[in-house]
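Colleague: I would like to go through this model feature by feature. Please give the general idea where there is one, then the case at hand.

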Amino acid sequence: MERQFADEHHGAAEPSGGHAVAVDDDAEPPSHTPRGPLLPLTLAALGVVYGDIGTSPLYALRECFVGPHAMPVSPENVLGILSLVFWALTLVICVKYLTFVMRADNDGEGGILALLALVERRNGHGRRGALMLLALCGASLLYGEGVITPAISVLSAVEGLRVATEAFQPYIVPISVALLFGLFAVQRRGTAGIGAVFGPAMLIWFVTIGALGLVGILTQHPQHVSVLSAINPMHALRFFALHGIHGFLALGAVVLCITGAEALYADMGHFGVRPIRLAWYGVAYPALLLNYFGQGALLLSSPDPVVNPFYELAPTWGLYPLVGLSTVATIIASQALISGAFSVTQQAVQLGFAPRLQIIHTSDTAVGQIYMPEINWALMLACIFLLVTFKSSSNLAAAYGLAVTGTMIVTTLLFYVFVRRRWHWSRWAAGALIGAFLVSDLSFFLANLHKVFDGGWFPLVAGLAAFTIFTTWKRGRGELGRLLADASLPIDLFLQDIAALQPHRVNGTAVFMTSTTGGAPVVMLHHFKHNQTLHKRVVLLSIVSEKRPEVPDAQRLEVTDLGQGFYRVVARFGFTELPRISRVLQLCEAHGLKFDMQTTTFFLGRETLLLSGRTHLARWRKRLYAFLARNAPSPTAYFEIPPNRVVELGVQIEL
């Protein structure tokens with residue numbers, strides 16, 4: 001049972017056959033907030049977290065007046081769109097995420113799955129199942145957003161070359177592909193190393209776009225109404241009243257200005273709340289508003305049609321430097337979704353929704369900073385496919401919006417459960433807050449529905465693929481756990497048989513990995529049946545994943561002496577921690593259980609899954625689950641067990 005062995009960190013996902021995970025919702029978790037000087041963390045957060053939303057001015061306002069549902073340039077339309085942009089940034093980013101949602105941190109960790117772990121309760125199985133499916137939908141859509149964001153960001157910057165001369169047109173897509181490849185190639189350095197470079201670059205970017213916008217505002221032709229009046233929400237209301245359904249569909253372009261909002265929450269574990277808030281209010285927010293209003297001023301004042309208001313804000317001599325800076329900034333912009341995808345995937349693995357994947361910690365001080373090679377290269381291939389297929393940022397913008405708004409809706413719904421259960425708000429108070437959030441979330445989502453046939457299907461397909469993997473692995477683990485439990489034997493009965501039979505006991509220690517905490521592991525029964533012998537000391541080791549990011553060492557280990565040289569060890573790890581055998585064995589010494597690695601053997605199961613069983617899984621799910629199980633990384637490598645101390649036993653199981 002390789003799967004039996006793997007289940008020690010998937011037990012939380014199993015209704016039967018796995019070990020139950022006891023979660024104390026009121027327990028005070030250990031501190032998980034990244035430590036370090038505030039300003040360097042803030043600068044790094046500026047580079048990683050706000051790269052996506054920070055480069056939205058490249059295409060967001062342009063799509064409102066140039067895209068498929070473009071509005072004619074007029075004072076009423078410009079002020080209406082600017083008002084929508086201003087209030088979208090303020091209400092969604094400032095109010096919803098930075099003020100409320102980011103307070104829902106699971107010991108410093110953010111994102112949909114962290115929020116799910118935070119709000120889940122042991123009672124109400126049906127409701128817990130509904131919350132789980134909801135969270136999986138949101139997490140899956142984050143992958144769809146993560147695929148399209150790097151592509152549209154980089155492509156929109158390189159297209160600035162076309163503003164200078166059409167001679168660059170044939171080279172825009174190849175240049176974009178090369179830049180994306182370079183971005184994904186440096187991910188192994190981690191967000192800390194990347195942030196050290198990206199942070200200063202994004203600071204230059206925000207200062208530059210803020211300055212360009214300020215100049216645009218100050219040089220606006222005096223005969224026109226001031227763009228700053230767009231802060232008044234009445235302009236947005238008049239815009240909707242004037243244009244009706246066409247004005248509502250314009251929200252499909254306005255949503256581009258808040259891209260990266262969900263990644264902001266998912267990346268919280270990388271830097272902490274304070275640096276993320278400081279970077280927004282101190283740099284990103286004012287710079288974005290200045291640039292959007294500067295573009296609006298240009299649209300109002302220019303006597304000629306404006307094709308690309310962002311680049312046309314720049315003086316002629318500054319166009320090429322701005323294209324270069326934009327290219328650097330958009331490469332950085334992709335980082336928020338990439339690191340967010342790493343965080344969500346790690347949580348999915350540890351909570352039992354996905355098979356084991358290689359997880360590399362890239363920082364000694366910030367637990368949340370990780371690199372996942374498989375996810376990295378899968379995202380890269382998908383992004384390059386999008387570039388080659390859609391060919392322009394306008395085409396990609398027409399496909400963008402459904403995934404990000406769908407994820408925002410899921411976060412809002414889960415946050416309602418959090419407010420009710422953890423803050424103990426009344427239904428009326430919680431409903432009023434969440435209702436306000438849903439008004440904007442649903443408006444953006446409905447305004448983007450028409451994009452499904454314009455390319456919006458692609459991020460939805462990517463999200464559906466992730467959701468299918470999550471649910472298949474979850475159900476497969478549950479069914480396999482049930483089969484293993486049925487094949488197991490109560491440990492008391494097994495020990496009684498051992499006392500009666502008095503089998504030969506060889507020197508040394510045998511460690512049997514098991515997903516159950518109450519029975520005799522199947523792999524041990526298999527071993528004893530064929531070899532008719534046991535080690536003088538036998539350790540039954542279960543590793544349990546809890547629904548909190550970290551578990552303090554004082555609460556991590558339970559050691560029980562079962563008698564006759566048998567011990568049961570239950571080790572608990574948080575969903576952001578990597579369970580390492582060396583750490584478990586080290587902690588066992590404090591309980592009087594010492595290990596000599598030269599005389600210790602780890603017995604692992606190697607299963608062959610047969611699809612002829614009668615489990616409640618569709619045949620296509622069985623095939624998918626078997627494929628995922630076969631291709632999961634080796635448990636020996638995942639738990640860092642010395643390979644020369646491992647013995648694998650094979651068994652066939654009908655699934």
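Predicted model: local features only at pLDDT ≥ 70, side-chain atom pairs only at ≥ 80, totals over all residues.

Colleague: Which residues touch the most other members of the largest nonpolar core?

Modeller: In soluble globular proteins, nonpolar side chains tend to be buried together. Here the largest nonpolar core has 187 residues, and Tyr-50, Leu-89 and Trp-280 touch the most other members. A second core is separate and has 17 residues, including Ile-491, Phe-512, Val-523 and Phe-603.

Colleague: How many residues of helix H25 are buried?

Modeller: Seven of the ten residues in H25 (522-531) are buried, which leaves the helix mostly covered. The buried ones are Val-522, Val-523, Met-524, Leu-525, His-526, His-527 and Phe-528. Just after H25, Gln-532 has a positive phi of about 55 degrees.

Colleague: What lines the second largest pocket, by residue class?

Modeller: The lining consists of 20 nonpolar, two polar and two charged residues. The space in this second largest pocket is about 590 Å³. Its lining has 24 residues, with Tyr-143, Ile-375, Ala-378, Ala-466 and Ile-469 closest to the centre. Helices H7 (125-158), H19 (373-390), H23 (457-487) and H28 (619-631) each contribute at least two lining residues.

Colleague: How many salt bridges does the structure hold?

Modeller: There are eight. For each pair, read the distance, then the burial, where under 20% relative accessible area counts as buried. Arg-62 and Glu-63 meet at 2.9 Å, N to O. Arg-62 has a relative accessible area of 6% and is therefore buried, and Glu-63 is also buried, at 5%.

Colleague: Where do Arg-482 and Glu-479 sit relative to one another?

Modeller: They are three residues apart in helix H23, so about one helical turn separates them. Arg-482 is partly exposed at 28%, whereas Glu-479 is buried at 13%.

Colleague: Which parts does the pair Arg-580 and Glu-640 tie together?

Modeller: Arg-580 lies in the loop between strand E8 (566-573) and helix H27 (581-588), and Glu-640 in the loop between helix H29 (635-638) and strand E10 (646-654), so the pair ties together parts 60 residues apart in sequence. Their side chains form a salt bridge at 3.2 Å, N to O. Arg-580 is buried at 17%, while Glu-640 is partly exposed at 46%.

Colleague: Which residues are linked in a network of salt bridges?

Modeller: Glu-546, Glu-558 and Arg-572.

Note on methods:
Residues numbered from 1 in each chain as written. Heavy atoms only, no water. 1 Å grid on protein atoms, 1.4 Å probe; cavity = no way out; pocket = protein on both sides within 12 Å on 5 of 7 lines; lining within 4 Å. Points joined across faces, edges and corners; volume = space filled by probe spheres on them. Helix = DSSP H or I, 4+ residues; strand = E, 2+ residues; numbered from the N terminus. Nonpolar A, V, L, I, M, F, W, Y, C, P; charged D, E, K, R; others polar. Core = buried A, V, L, I, M, F, W, Y, C linked by side-chain atoms within 4.5 Å. Buried < 20%, exposed > 50% of the residue type's maximum accessible area, 1.4 Å probe, protein only. Salt bridge = Lys/Arg side-chain N within 4 Å of Asp/Glu carboxyl O.
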